[in-house]
Amino acid sequence: MTNWYETLDGTQAQVWDRLTQGANKRAHVALGTVSIDGQPEVRTVVLRDVDPKTRSLELYTDLQSDKITSLRNNPKAAIHLWDADLALQIRVQADVTILTGDAVMDRWNAVPDHSKNSYGITPSPGQPIPESTAYTKKPDPAVFAVLSCQATHIDAVYLGDIHRRAAFSQVGDWTGKWLAP
Ligand SMILES: Cc1cc2nc3c(=O)[nH]c(=O)nc-3n(C[C@H](O)[C@H](O)[C@H](O)COP(=O)(O)O)c2cc1C
């Protein structure tokens, strides 16, 4: 029997399976972007939805957060997931579309009430405040944004007894190739 990590197709299928499971479990992933002054930046976000068929992922954020400024300037992102159970590192490069308003009201309506508080902070996220608690939260659908991430490149590292690394690219029609780990 062939194990998933022994073939490129098996590895790619496992990557999307793990990402899908991650979304089902609301896994925390790292989202990397580039700031307007060219600085790399990374933060934790919740993986909300994954569609292996379209190779796309969804994240939610506040439209007034700094990452939106970065993404408007450079709509590219990296998403990182380390699956310790499987010993699999997944890195996805993606083109990001920022969705708001009517296009995301179905997602907004499905956000639990207590979580809606994360969208609608005054002053805006990242603004200086005189004390640590000098802010208010009021759910505001107008600042709710969905980051629709279309994968363009995937790098997978499997740390089994024998380490294996594979790369898959939109440019290469997703056929994939092995890399030295
Ligand atoms: C466990 C955890 C989960 C988080 N989930 C999200 C999330 O889903 N979306 C989000 O915008 N920020 C989330 N945050 C907050 C971000 O890490 C970050 O602090 C915030 O979005 C501001 O980032 P920015 O200034 O780079 O835009 C989360 C933070 C933690 C610690």
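Helices (H or I, at least four residues) and strands (E, at least two) are taken here as DSSP runs, numbered from the N terminus. The model is predicted.

**Whole chain**

Reading along the sequence gives the pattern α-β-β-β-α-β-β-α-α-β-β-β-β-β, made up of four helices and 10 strands. Along the principal axes, the C-alpha atoms fill a box of roughly 60 × 35 × 30 Å.

Switch to a surface. The protein has about 10100 Å² of accessible surface, and carbon and sulfur atoms account for 49% of that area. Of the 181 residues, 41% count as buried.

**Ligand shell**

Select the ligand and the residues around it: His28, Arg43, Thr44, Val45, Val46, Arg48, Tyr60, Thr61, Ser65, Asp66 and Lys67. Colour this shell by class to see three nonpolar, four polar and four charged residues.

Which elements each supply at least two residues of the shell? They are β2 (40-51), β3 (56-62) and α2 (66-73). The largest share, five residues, comes from β2.

- Thr61: an N or O atom in the side chain is 2.6 Å from a ligand oxygen.
- Val46: a polar backbone atom is 3.0 Å from a ligand oxygen.
- Asp66: a backbone N or O atom lies 3.3 Å from a ligand oxygen.

On its own the ligand has 620 Å² of accessible area, and the protein covers 59% of it.

**Helix α2**

Stay with α2 and select Lys67, Ile68, Ser70 and Leu71, which are buried. Why do these residues line one face of the helix? Look down the axis of α2: its buried residues fall within an arc of 160°, so they line one face. Lys67 also belongs to the shell around the ligand.

Next, show what this face meets. The buried residues of α2 pack against β1 (28-34), β2, β3, β4 (76-83), β5 (88-99) and β8 (144-159).

**Gln14**

Finish at helix α1 (residues 8-24), where Gln14 lies. Is Gln14 buried or exposed? Buried means under 20% relative accessible area; Gln14 counts as buried because its relative accessibility is 13%. Display its contacts, leaving aside neighbours within four places in sequence: Gln14 touches Trp4, Leu86 and Leu88.

Conventions: Residues numbered from 1 in each chain as written. Predicted model: local features only at pLDDT ≥ 70, side-chain atom pairs only at ≥ 80, totals over all residues. Heavy atoms only, no water. Near = heavy atom within 4 Å. Polar contact = N/O pair within 3.5 Å; in protein donor to acceptor, adjacent residues only side chain to side chain. Areas by Shrake-Rupley, 256 points an atom, 1.4 Å probe, with all protein chains shown as cover. Nonpolar A, V, L, I, M, F, W, Y, C, P; charged D, E, K, R; others polar. Buried < 20%, exposed > 50% of the residue type's maximum accessible area, 1.4 Å probe, protein only. Contact = heavy atoms within 4.5 Å. Arc of directions from axis to C-beta.
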